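Biologist: I am new to this structure. Please show me how to read it.

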Amino acid sequence: MAPGTMGRATALGAVLLSLLATPAHAAHAPSPVPERAPERAAALPAAAPDPVALRAALRSALANGAPGALARVDDNGKAHRLAEGLADRGTKRAITAEDRFRIGSVTKTFTTVVLLQLVDEGVLGLDDPVVKHLPGALPNKKITVRHLLGNRSGLYDYTNTLFARTVSGFEAVRNKVFTHRQLLDLSLAKAATGSPGGAYAYSNTNFVVAGMLIEKLTGTSTGAAYRERIITPLKLADTFYVHPETALPGRHSKGYLTSDDSGTSLVDATRQTASWAQSAGAIISSARDLNTFFSALLRGELTSAARLTQMRRWTTVNSTQGYGLGLRRRDLSCGVSVYGHTGAVQGYYTYSFASGDGKRSLTSFANASNNAAVLNTLPRTLEAAFCGTEATARTAAPAEREDIAPDVVRR
């Protein structure tokens, strides 16, 4: 799908602008932390996706406590669909690769795309101070839009406070409706964790502020912006932003939250407002739609080439990961890098990534959360999908961290 078919009147102008002008934000000051320049997309290995290894990873998620798990690989028009276990422990309905689910922080890439489209349209600049557009919102006037989208603002992550205790914290907010401002105030009640433009530090607060920017600059709701700019143009039939409604539409997987206390029952966390997350994590989608989204993004169908390049300017997270603007890079054992995002919301873990050219994409999902053992099985789906039989065992891969309360230790 070419940009001209997307119904966005600004697309042609944005592309011309990127070709004819050097934007002011391209000359930002050097970062004090290690960065990798945007790299040329590594070619996929000759090996096809390995469905045996993919199914083994899903079964491992079940063995470690997830009721169900699924994966879908889209590879040059061919789809591989796998599912294991249950979508609903009560009815015993089997999970399918077509089920909808809460995608958690994969929402952050949707939020970033909307803001980058606004940059393409000349509505704001990546290096604009946030307070230029949201006067008085932040006490530190040096925090820029780029800092928010790269998790380098220094804003404390309020979810560390809300979910220091997992189940009791969730039950306290399950049906609560927050404003963006209330969530931001929870963050600002704590000291900053760093200086603007400093070290990478994952914080949901950044994308709450990004949602505030979207609503201020578009004059519409965040959900309407997603729908008008991404969901409708890409024909994402399974993707919704229902906040503050609590139910998932259509056939969906229930989500199960593991308690902090050993031996207690799983908590059905399916029905919730997800208001604590909003533009940081409240979208509902499916594996098919997420693969479509990331493939389109990496093929350049959602932003100008200049903006996609900015998304892929990496700050080091650890030895195998980088973070750009609302986008993660994962370096796999076969030498391939893939691009997408991870997501956690109570009861749901999601991994959604695509090759640099967008030709191969994977979304894997388990209907569990607050379970480090399950979380650490999902990277194996990336290896199976993108490295195939060329995948090799890694003896010291960095442990995965949840996107909810990232500083809270998971058992």
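Modeller: Start with axes: they are lines fitted to C-alpha atoms, for helices over the stretch in contact, and angles run from 0 to 180 degrees between N-to-C directions. Helices (H or I, at least four residues) and strands (E, at least two) are DSSP runs, numbered from the N terminus. This is a predicted model: local features need pLDDT of at least 70, side-chain atom pairs count only at pLDDT 80 or more, and totals for chains, interfaces and linings use all residues. Residues are numbered from 1 along each chain as its sequence is written, and side-chain values use heavy atoms, without hydrogens and water.

Biologist: At what angle do the axes of H3 and H10 cross?

Modeller: Two packed helices are described by the angle between their axes and the distance between the axes. Here the axes of H3 and helix H10 (residues 222-234) cross at roughly 75° and come within 10 Å. Angles under 35 degrees count as roughly parallel, over 145 as roughly antiparallel, 65 to 115 as roughly perpendicular and the rest as oblique. So H3 is roughly perpendicular to H10. Contact means heavy atoms within 4.5 Å. On the H3 side, the contact includes Phe110 and Val113; on the H10 side, Tyr226 and Arg229 are among the residues.

Biologist: How do H3 and H9 cross?

Modeller: Helix H3 (residues 107-120) and helix H9 (residues 205-218) have axes that cross at roughly 40° and come within 10 Å. The two are therefore oblique to each other. Their contact includes Leu115 of H3 and Phe207 of H9. Its residues divide into eight nonpolar, four polar and one charged. Ala, Val, Leu, Ile, Met, Phe, Trp, Tyr, Cys and Pro count as nonpolar, Asp, Glu, Lys and Arg as charged, and the others, Gly among them, as polar.

Biologist: What is the strand order in the open sheet?

Modeller: Strands of a sheet pair through backbone hydrogen bonds, either parallel or antiparallel. This open sheet has three strands in the order S7-S6-S15, with mixed pairing. Strands S7 (267-268) and S15 (368-369) stand at the edges, each with a single partner strand, so one side of each lacks a neighbour in the sheet. Strand S6 (residues 256-257) pairs with S15 in the parallel sense over two bridges; two strands pair if DSSP finds at least two bridges between them. Leu257 has Ser369 of S15 as its bridge partner.

Biologist: Where does pLDDT stay under 50?

Modeller: pLDDT is the predictor's confidence in each residue, from 0 to 100. The protein averages 90, but pLDDT stays under 50 over residues 1-38. Where pLDDT is low, the predicted coordinates should not be read in detail.
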